Amino acid sequence: MKNRLKAIVIIAVGFSSLAGFGQKTRKNLSDYVNPNIGTAHSRWFFYTPASVPFGLAKLSPSTNAHLGNLQGWEATGYDERDNSIEGFACLHEFQIGGIVIAPSVGSLQLKPGRLENPGEGYRSRFDRKDEYATSGYYSVLLKDYNVKAELTATKRVGFQKYTFPKSKQSNIIFDIGNRQGESGQVKDSKVTITEDGRIEGYVITMPEYVKKYQAGAEVAMYFSAVVDKKPNSFGVFNKTENVAGNKEISGEGAGAYLIFDTKENEEITIKVGLSFTSVANARLNLETEAKNLDFDHAKKNSLATWNDYLGRIKVEGKNEDDKVKFYTGLYHALLGRGLGSDVNGAYPMNNGKVSQIPLDVNGNPKYNYYNTDAIWGGFWNLTQLWALAYPEYYADWVQAQLLVYKDAGWLGDGIASSKYVSGVGTNFTSLAIASAYSSGIRNFDVELAYEASLKNELDWRDRLAGAGKLDVKQFVERGYSPQIEDIGFETVEAGSGFSASHTLEYSFSAYAVAQFAKALNKTQDYQKLMKLSQGWKLLYDEETKFIRPKDSNGKFVANFDPSQPWRGFQEGNAWQYTFYVPHAVEELVATLGKDVFNDRLEKIFEISQKNIFGGGKTIDAFAGLSGYYNHGNQPNLHISWLFNFSGKPYLTQKWVHAICDEFYGTEGIHGYGYGQDEDQGQLGAWYIMSSIGLFDVKGLTDVNPSFQVSSPLFDKVTIALPKALNRKPFVIETANNSKTNVYLQEAKLNGKDMEKLSISLQDIAKGGTVKMKVDAKPSEKWSK
């Protein structure tokens, strides 16, 4: 039974992460970050406050992480509605997770126990008023033990500090060899207590998406931890045994425990070096980043790093909730797709071996390797944000993708420790690489990047399942992917159950790589890719005026229902996907007819507003799949911006503001819709771009890409990057701004009237000022 000692003194844990946001005294941008927003029904990687931007070490409390993840994508980890914590995991990445540490007081328990009955395990109850979270730091009071837990991190090192009550048995449990979040079934694990007191080991898992997209592969996670107090006793355990006094154990469920005699309010700190390559490199990461670093200085550094990164886009305005949404969204956009290489440049190869990133003259890696969720839809949020404000990360992201290409021969849409984990069966990596090049990010092997991108668009021979696009042969030869009705959610060389959405996606991706080819004077490739980019026209049904799947005989499928998801359309329907022609919007407008296009699009938003632009208040990631518009998923995130191409830009201004104000919230349940899938920063990044009034439906894929312009939510936006990135500050000022004044009346770039509502990325990089004036009535000024 758990020890429930009463506190002699009150431990000041900090204000509730939600209640605290009602306060007005915010000195730093990190004070606007509220990680608890949207944590009801959130993904494994969503809630990791103790981290640095794009870091490897991502620490957070878990309320339900040990339950596993049956299909690889379900909500797991931390849920705003739960009231007990089972431990603090150090790794939270797409399909990767583990290295759990938990404190307890009293009799030793080595299993976390169930939410329904916290007393049966080492988990502890907690109150929200005793919890505080921001970017870079987390703290909570574990009520069952009267232990204050605090978390922070460097890039590759997790810090956990526990403040214990007076007790003859204060425990620290290293729960290493069990499934956590999206990590998948455990194949093996090992924990060793070394002679010098380190706790080290590894866990090898088989995530569900790895099993699907690269059968037989596995993901290894290594750690090396130091504790700043020597225990009175110790032991090791696994699924079948608990051995007091032993220093080493292996097998599923491997772990270790340390038992201390603590004074009242005694602090014990654990530093955990992490690596995807070896225990030795985990130790090296720890020694290099944190050998002489204590918890308080690590926390200070983490907060400073976050404020530096958040400060690249500064927003000013009268509405505090908008700033909370903005910086929490930016935090999420900078949180996912984290570091996977070590301080010495070692990184995990696709085949499970370890390779080396080239070093510069000072012996430092020339770039970093990063894990990444699929980039599906990321061109309407993340890559635009990276190109605008974090180009050095975008460059490294490309380098990581090329490492996998060199190792395994194909680009991977999503990669977990270099293993293929697409999740959607397509592959937009070539589009994102082409966009990087068009955006002026070129400090990588351009010819190799083009080779990999072209192969991704056109080649099917010996194509790996993990590279996605298994039906690309059909697209290249027919111009579309045929619908196979009895295949379910699968894709094969002959076609797909998602044939229509694949055709639209491949058409867009072909256009992007065509622009890459054009820039490199690859004329024949350009012409071939541009022809393929017209594939969407083959599926346009003039009778229904929808994109409609076709079979292998070229006939439209029968019994067509444009509201039906999953039949021909992945995670969406024909209402949503018919607008998926971002590279040729003017042609789509002409094909539908301008009046039909505008009337349909406006009615879609009028109807969808009643359902909060997605799944309503249903707490489910897929709640909006049958609707007309679903902001909680990727396929139509761009369509509120399409009025800029159809003569009614004021409707883009209207509906973008409405989505920002109504779909996004500042609560644990109403954050990103209600339980919608934020997908490693995608919905947060959409808010960032849309709220500052800059967005490109083409995902910056044109040779000289431009942002479409709308009215910002803020009075002033300042984009200022570090001097080393060689970009000048760009400012957007909006006069007469309010929640009712959303319509642009005037827009001047560096003193000159803007004839078109677009600004090139090159002009933004040069620096300057846009001055806008808004009012409550639409203006026809930019209509055509």
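## A guided tour

Ser417 sits in the loop between strand E22 (415–416) and strand E23 (419–420). Helices (H or I, at least four residues) and strands (E, at least two) are DSSP runs, numbered from the N terminus. The model is predicted: local features need pLDDT of at least 70, side-chain atom pairs count only at pLDDT 80 or more, and totals for chains, interfaces and linings use all residues. Residues are numbered from 1 along each chain as its sequence is written, and side-chain values use heavy atoms, with hydrogens and water left out.

Ser417 is not a glycine, although its phi is positive, about 55°. Ser417 counts as buried, at 2% relative accessibility. Buried means under 20% relative accessible area, exposed over 50%, and partly exposed in between (1.4 Å probe, protein chains only). His41 also has a positive phi, of about 65°, and is not a glycine. His41 lies in the segment before E1. With a relative accessible area of 24%, His41 is partly exposed.

Now turn to the strands. Two strands pair if DSSP finds at least two bridges between them. E11 and E12 pair in the antiparallel sense, over eight bridges. Val186 stands opposite Thr205 in E12. The hairpin of E11 and E12 has five residues between the strands, and Gly197 takes a positive phi near 90° there. E12 also runs antiparallel to strand E13 (residues 219–227), joined by seven bridges. Here Glu200 stands opposite Ser224 in E13. Seven of the eight residues of strand E12 (residues 199–206) are buried, so E12 is largely enclosed by the rest of the structure.

Helix H5 (residues 382–389) is largely enclosed too, because eight of its eight residues are buried. Among them are Leu382, Gln384, Trp386 and Leu388.

Next come the rings. A pair of aromatic rings is described by the distance of the centres and the angle of the planes. Rings of Phe, Tyr and Trp (its six-membered ring) pair if their centres lie within 6.5 Å; planes under 30 degrees apart count as stacked, over 60 as edge-to-face and the rest as tilted. By this rule there are 56 aromatic pairs. One of them joins Phe94 and Tyr209 edge-to-face, at 5.8 Å centre to centre and 75° between the planes. This pair links distant parts of the chain, 115 residues apart: Phe94 is in the loop between strand E3 (87–93) and strand E4 (96–105), and Tyr209 is in helix H1 (residues 208–213). Phe94 is buried, with a relative accessible area of 2%. Tyr209 is buried as well, at 11%.

Tyr137 and Phe295 form another edge-to-face pair, at 6.4 Å centre to centre with 70° between the planes. Tyr137 lies in strand E7 (residues 137–142) and Phe295 in helix H3 (residues 295–310), so the pair ties together parts that are 158 residues apart in sequence. Both Tyr137 and Phe295 are buried. Elsewhere, ring pairs link Phe46, Trp641, Phe663, Tyr664, Tyr672, Trp686, Tyr687 and Phe695 into a cluster.

Charges meet rings as well. A charge sits over a ring if NZ of Lys or CZ of Arg is within 6 Å of the ring centre and within 35 degrees of the ring normal. Lys299 lies over the face of Tyr137, at 3.9 Å from the ring centre. Arg461 lies over the face of Trp460, at 4.4 Å.

Finally, charges meet charges. A salt bridge is a side-chain nitrogen of Lys or Arg within 4 Å of a carboxyl oxygen of Asp or Glu. The structure holds 45 salt bridges. In one of them, the side chains of Glu182 and Arg43 meet at 2.8 Å, N to O. Glu182 lies in the loop between strand E10 (167–175) and strand E11 (185–193) and Arg43 in the segment before strand E1 (60–62), so the pair ties together parts that are 139 residues apart in sequence. Both Glu182 and Arg43 are buried.

Lys323 forms a salt bridge with Glu320, the closest N and O atoms being 3.1 Å apart. Both lie in helix H4 (residues 320–333), three residues apart, about one turn of the helix. Lys323 counts as buried, at 10% relative accessibility. A network of salt bridges links Lys148, Glu150, Lys161, Glu267 and Asp296.
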